[in-house]
Amino acid sequence: MSVILGIDIGGSGIKGAPVDTATGKLTAERHRIPTPAGAQPDAVKDVVAQLVGHFGHEGPVGVTFPGIVQHGKTLSAANVDQGWIGLDADALFTEATGREVHLINDADAAGLAEARFGAGAGVRGVVMVLTFGTGIGSALIHDGVLVPNTELGHLWLKGDKHAETWASDRARERDDLNWKAWAKRASTYLQHLELIFSPDLFIIGGGISKKADKWQSQIQLTRSQLVPAALQNEAGIVGAAMNARRIAETQKS
Ligand code: BGC
């Protein structure tokens, strides 16, 4: 069961591809369908079913979601339709596709993939993956094992600053910050995380990971190393597939 279909629900597109979970490589080209306006659960479910049909792939399916996912239920919706709150999304998607579907938080998926196959491959200890986009997503991984739903984008910083609202990539655009000014905010946030978690390595993902030359040298940390993500827009798909494989195997045994 090493090739599993991974699907990444993003703000503008829902993308899928089969993933060889032993190597982290996609085994076919990604297919993308635009995210339905409003991203309501039923509309997103139909797109996920379409993607499953497109690949005609057997076996379990992994899907990312930009909010808390606990035991298959979506429990928060910071930047998506409120109809997701409290929904048994695993059951809804499983019924719609006729496959065993498992959801995972989007940053947790990216974290699993980066820690195993990307910028964190071979790193021992605590790896913290942060995705900077519309929001800030977080994943905390220790020796390859994920602690899910850390939601560190919702930390409050000194001066009543909500981290995600103040330091995300959306905040950079909204406040028309140059990279130096944004890196100063990001450093304040990262230094706080460093103090609390002492990560061996921070991996910075999201759209900004492609522009690391603009900000990386301006981030100031005391102890932790910091690198941009390596898998970029494949990380969600790969991590979703890894998670679905793990859950499917655990349930069988
Ligand atoms: C959500 C997280 C998500 C992040 C990135 C935040 O607003 O609360 O669950 O991982 O955005 O999409």
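**Reading a domain interface**

Reply: The area buried between domain 1 and domain 2 is about 510 Å², with 43% of it coming from carbon and sulfur atoms. Buried area here is the accessible area (1.4 Å probe) that two parts lose on being put together, summed over both. The size of an interface is often given this way, as accessible area lost when the parts come together. Bear in mind that this is a predicted model, where local features need pLDDT of at least 70, side-chain atom pairs count only at pLDDT 80 or more, and totals for chains, interfaces and linings use all residues. Residues are numbered from 1 along each chain as its sequence is written, and side-chain values use heavy atoms, leaving out hydrogens and water.

Me: Which residues in domain 1 lose the most area to domain 2?

Reply: Ile-68, Asn-79 and Asn-105, which together make up 67% of what that side buries.

Me: And where do the domains run?

Reply: The domain assignment (automatic or from a database) gives 3-105 + 234-252 as domain 1 and 119-230 as domain 2. Eight residues from domain 1 and nine residues from domain 2 take part in the contact, meaning heavy atoms within 4.5 Å.

Me: How many salt bridges are there between domain 1 and domain 2?

Reply: You look for a side-chain nitrogen of Lys or Arg within 4 Å of a carboxyl oxygen of Asp or Glu. Between domain 1 and domain 2 the count is zero.
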